[in-house]
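Subject: Structure handover

Hello,

Here is the structure I said I would pass on. Please open it and keep it beside this message as you read.

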Amino acid sequence: MAMFNNHILPAFGKLRTRTITTAQIQRAVNKWFKLAPVSGFKRWYNYTASVFDYAILHNYITGENPAKRITLPKKPVVVDQEENFYDQQQIAIFFSHIDPEKELEKFTLFRLLCFSGIRRGECLALQWQDVSFKNQTLTINRTLTQGIRGSQIIQPPKTAAGYRTISLDDKTMNYLKQWRTQQKRQYMKLGFNTMDRKQLIFANRKNKFKSLNTPAKWQNKIIKDFHLKKITVHGWRHTSCSLLFAINTPVKEVQKRLGHSDVQTTLNIYAHVTKEQDSETADRLGKAFDF
């Protein structure tokens, strides 16, 4: 596995597990943070911690996990950095570069991310049984994540708040219906019967889980080809949240829809305001207090 060969083994491969100290792990994590401060270093740390958990479980070492005693570095907050979300105009521009007739699956996937606010792993783990066309709802009860040695595994949500049923708008439901019909035809040609209720909504050509990197590859190509503002796939959650706040959705409803375990997470991370909203707020304020 690349992350072990490139990062974890060079740091600890020549050491005996029982002799590795918290200080050594801290130095390694600090170094990884400099290499990949956004998310990569956390993955490398989590796998390292899992190795020690495994060693303790099987009595290869005793005592407390030394990796659990380190302090994870944090990237300084840059106030003027570009927001990781699209405003309404940018959303329209992004979707204008995906043809829903020729690229219906891609269009539907990003439409779902944008208007539901679900996570990438939750989206790629969806089955058709999770969609109620009658009630226009989507149920989230599992997520696709990366396991040991690069394998992709299904796990339950991390918190109780992750289990949720959210409503979907008419247009998103219509695109899902269209994709359901098209998927049946396409995968029948590949030799797969997709009528099972546990059929994945977004599958690869072998009717297995898509790679967790697929949405980012699709998105980055669109951004590069058409010179759009760069956001991450996770940025669609920010985008969805911004849209919800733009239509004055109560904070508790936003929290529930996004699956946050506490409202402070919603307020701290997702309460972004676009420049247009900020300008409108200033105009309303000026008109309300005419003095």
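Below are my notes, grouped by place.

Please keep in mind that this is a predicted model.

**Asp 130**

Start with Asp 130. Its place is the loop between helix H6 (120-124) and strand E1 (131-132). Is Asp 130 buried or exposed? Asp 130 has a relative accessible area of 4%. That falls under 20%, so Asp 130 counts as buried.

Its side chain has a polar partner. Asp 130 and Arg 142 make a side-chain polar contact of 2.6 Å.

**Salt bridges**

How many salt bridges does a search of the whole structure find? The search gives 9. Three of them are described here.

Take Glu 103 and Lys 106. They form a salt bridge, and their closest N and O atoms are 3.0 Å apart. Glu 103 is partly exposed, at 29% relative accessibility. Lys 106 is buried, at 16%.

Next come Arg 119 and Glu 122. Here the closest N and O atoms of the salt bridge are 2.9 Å apart. Arg 119 is partly exposed, with 29% relative accessibility. Glu 122 is buried, and its relative accessible area is 4%. This pair also belongs to a network. Salt bridges link Arg 119, Glu 122 and Arg 164.

Then look at Lys 221 and Asp 225. Their side chains form a salt bridge of 2.6 Å, N to O. Where do the two residues sit? Both are in helix H8 (residues 214-226). They are 4 residues apart there, so about one helical turn separates them. Asp 225 is partly exposed, at 40% relative accessibility.

**Leu 258 and Ser 116**

Now move to helix H10 (residues 251-258), which holds Leu 258. The relative accessible area of Leu 258 is 0%, so this residue is buried. Which residue is 142 places from Leu 258 in sequence, yet 7.9 Å from it in space? That residue is Ser 116, with the distance taken C-alpha to C-alpha.

One is Gln 136. Its phi is positive, near 55°, and the residue is not a glycine. Gln 136 sits in the loop between E1 and strand E2 (137-140). Gln 136 is partly exposed, because its relative accessible area of 26% lies between the cut-offs of 20% and 50%.

The other is Asn 207. This residue is not a glycine either, and its phi is positive at about 60°. Asn 207 lies in the loop between helix H7 (170-189) and H8. Is Asn 207 buried or exposed? Its relative accessible area is 17%, which is under 20%, so Asn 207 counts as buried.

**Where to look first**

Find Asp 130 and its 2.6 Å polar contact with Arg 142. Then trace the network of Arg 119, Glu 122 and Arg 164. Finish with Leu 258 and Ser 116, 7.9 Å apart C-alpha to C-alpha.

Best wishes

Key: Residues numbered from 1 in each chain as written. Predicted model: local features only at pLDDT ≥ 70, side-chain atom pairs only at ≥ 80, totals over all residues. Heavy atoms only, no water. Buried < 20%, exposed > 50% of the residue type's maximum accessible area, 1.4 Å probe, protein only. Polar contact = N/O pair within 3.5 Å; in protein donor to acceptor, adjacent residues only side chain to side chain. Salt bridge = Lys/Arg side-chain N within 4 Å of Asp/Glu carboxyl O.
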